[in-house]
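Me: I have a structure open and would like to go through it with you. Could we start with the charged side chains and then move on to the strands?

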Amino acid sequence: MAAIYSLYIINKSGGLIFYKDYGSAGRMDTNDSLRVASLWHSMHAISQQLSPVAGCSGIELLEADTFDLHCFQSLTGTKFFVVCEPGAQQMEALLKVIYELYTDYVLKNPFYEIEMPIRCELFDFNLSQTVQKDCVALLGR
């Protein structure tokens with residue numbers, strides 16, 4: 001069983017530009033994944049404004065009974081978040097690796113238009129290799 005249920009990448013205006021399901025029990029259709037991304041973007045923005053701590057960058061971890069949601073926001077405002085098993089370790093490091101893959105294979109792609117949905121085979125291939133390697137490392141512990 002994989003530790004990661006799904007991965008989302010949201011642009012700075014809240015649009016879902018990438019979604020990948022990793023075999024979670026309840027697969028979502030396109031509309032549901034768009035709703036989840038939009039809801040998360042809104043919650044993240046509201047939490048920045050309501051936080052009593054100065055300089056808060058928003059929610060980084062949401063823990064529930066059946067899943068954890070880890071979020072990484074880049075300096076440009078692009079958000080990467082993964083829904084995973086409760087208590088999964090090293091998700092912050094995985095999100096940073098995914099961000100590096102995004103910068104290497106998506107942003108450096110001359111055919112990619114910023115803020116548009118990601119359709120890049122090299123990104124997909126390297127992402128699946130990274131997630132698979134991470135899941136093997138998690139299961140080996």
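Me: Let us begin with aspartate 104. Is it buried, partly exposed or exposed?
Reply: This is a predicted model. Aspartate 104 has a relative accessibility of 38%, so it counts as partly exposed.

Me: Which residue forms a salt bridge with aspartate 104?
Reply: Lysine 108 does, and the closest N and O atoms of the pair are 3.3 Å apart. Lysine 108 counts as exposed because its relative accessibility is 62%.

Me: Changing topic: what about lysine 79, buried or exposed?
Reply: Lysine 79 is buried, and it has no salt bridge. The nearest side chain of opposite charge belongs to glutamate 115, 9.3 Å away.

Me: With which side chain does lysine 79 make a polar contact?
Reply: The partner is the side chain of histidine 41, at 3.1 Å.

Me: What else is lysine 79 in contact with?
Reply: Leaving aside neighbours within four places in sequence, its contacts include Tyr8, Ile9 and Ile10, as well as His44, Cys71, Phe72 and Gln73.

Me: Which strand holds lysine 79?
Reply: Lysine 79 lies in strand β5. That strand covers residues 79–84 and runs antiparallel to β1, with six bridges joining the two.

Me: Which residue of β5 is the bridge partner of isoleucine 4?
Reply: Cysteine 84 is the bridge partner of isoleucine 4.

Me: Why is β1 described as largely enclosed?
Reply: Strand β1 spans residues 4–10, and seven of its seven residues are buried, so the rest of the structure largely encloses it.

Me: And how many bridges join β1 to β2?
Reply: Five bridges link β1 to β2, residues 16–21, and these two strands are antiparallel. Leucine 16 in β2 stands opposite isoleucine 10.

Me: What is found between the strands of that hairpin?
Reply: Five residues lie between β1 and β2, and in this hairpin glycine 14 takes a positive phi near 95°.

Key: Residues numbered from 1 in each chain as written. Predicted model: local features only at pLDDT ≥ 70, side-chain atom pairs only at ≥ 80, totals over all residues. Heavy atoms only, no water. Buried < 20%, exposed > 50% of the residue type's maximum accessible area, 1.4 Å probe, protein only. Helix = DSSP H or I, 4+ residues; strand = E, 2+ residues; numbered from the N terminus. Pairing = 2+ DSSP bridges. Salt bridge = Lys/Arg side-chain N within 4 Å of Asp/Glu carboxyl O. Lys, Arg positive; Asp, Glu negative; His and termini not counted. Polar contact = N/O pair within 3.5 Å; in protein donor to acceptor, adjacent residues only side chain to side chain. Contact = heavy atoms within 4.5 Å.
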